[in-house]
Amino acid sequence: MGGTYTLVVELTSDIRLKVGALGAVDVLAGGYTYTGSALGTGGFARVDRHREVASGERDVRHWHVDYLLGHPEASVRDVVTTPRDVECAVAAALGDGPIPGFGSSDCECTSHLARWPTVDAARRAAMRAHQDAVGSEK
């Protein structure tokens, strides 16, 4: 089973981060939401992989979010999931992120990463975006 997920990430201090082809970017401390899809055969196992990168158990940087999660100042604080394909609707509801093109190289979205002043604000926004996206499908 799979669907759409949003990672709620805490960044404890400002950092300069190299993100693959996006290059070096400045990322401010705060709460972040990163929205992705887990529609393949492994389903939400992708979320486990993201947690492994964040904990240092895995070093491979495959997706943009891996560069953020692999930084020692970043940690996954929560995950919001929906068993539907609403990735872009959720990302759009969370707003344009601080890094254009982050996680959205395969769609028309500006970014799949959004910044919030706190982790709690990021968590509330993610929960609301998932509820609204599923509600709008009905």
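Which element gives the largest share of the lining of the largest pocket? The legends below describe close-up views of a predicted model.

**View 1. The largest pocket and its lining.** Strand E4 supplies the largest share of the lining, 3 residues. The space in this pocket amounts to about 240 Å³. Its lining is made up of 13 residues, and those closest to the centre are Tyr34, Arg46, Trp63, Gly103 and Asp106. By residue class, the lining comprises 7 polar, 3 nonpolar and 3 charged residues.

**View 2. The aromatic pair of tyrosine 34 and phenylalanine 102.** The structure holds 1 aromatic pair. The ring centres of tyrosine 34 and phenylalanine 102 are 6.0 Å apart and the ring planes stand at 80 degrees, so the pair is edge-to-face. Tyrosine 34 belongs to strand E4 (residues 30–38), whereas phenylalanine 102 sits in the loop between helix H3 (87–94) and strand E6 (113–116); the pair therefore ties together parts that are 68 residues apart in sequence. Tyrosine 34 counts as buried, at 5% relative accessibility. Phenylalanine 102 is also buried, with a relative accessible area of 0%.

View 3. The structure holds 0 disulfides. For cysteine 107, the closest cysteine sulfur is that of cysteine 109, at 3.7 Å, which is too far for a bond because a disulfide requires sulfur atoms within 2.5 Å. Cysteine 109 is likewise in no disulfide, and its nearest cysteine sulfur, in cysteine 88, is 3.5 Å away. Cysteine 107 is partly exposed, with a relative accessible area of 22%.

Definitions and conventions. Residues numbered from 1 in each chain as written. Predicted model: local features only at pLDDT ≥ 70, side-chain atom pairs only at ≥ 80, totals over all residues. Heavy atoms only, no water. Phe/Tyr/Trp six-rings, centres within 6.5 Å; stacked < 30°, edge-to-face > 60°. Helix = DSSP H or I, 4+ residues; strand = E, 2+ residues; numbered from the N terminus. Buried < 20%, exposed > 50% of the residue type's maximum accessible area, 1.4 Å probe, protein only. 1 Å grid on protein atoms, 1.4 Å probe; cavity = no way out; pocket = protein on both sides within 12 Å on 5 of 7 lines; lining within 4 Å. Points joined across faces, edges and corners; volume = space filled by probe spheres on them. Nonpolar A, V, L, I, M, F, W, Y, C, P; charged D, E, K, R; others polar.
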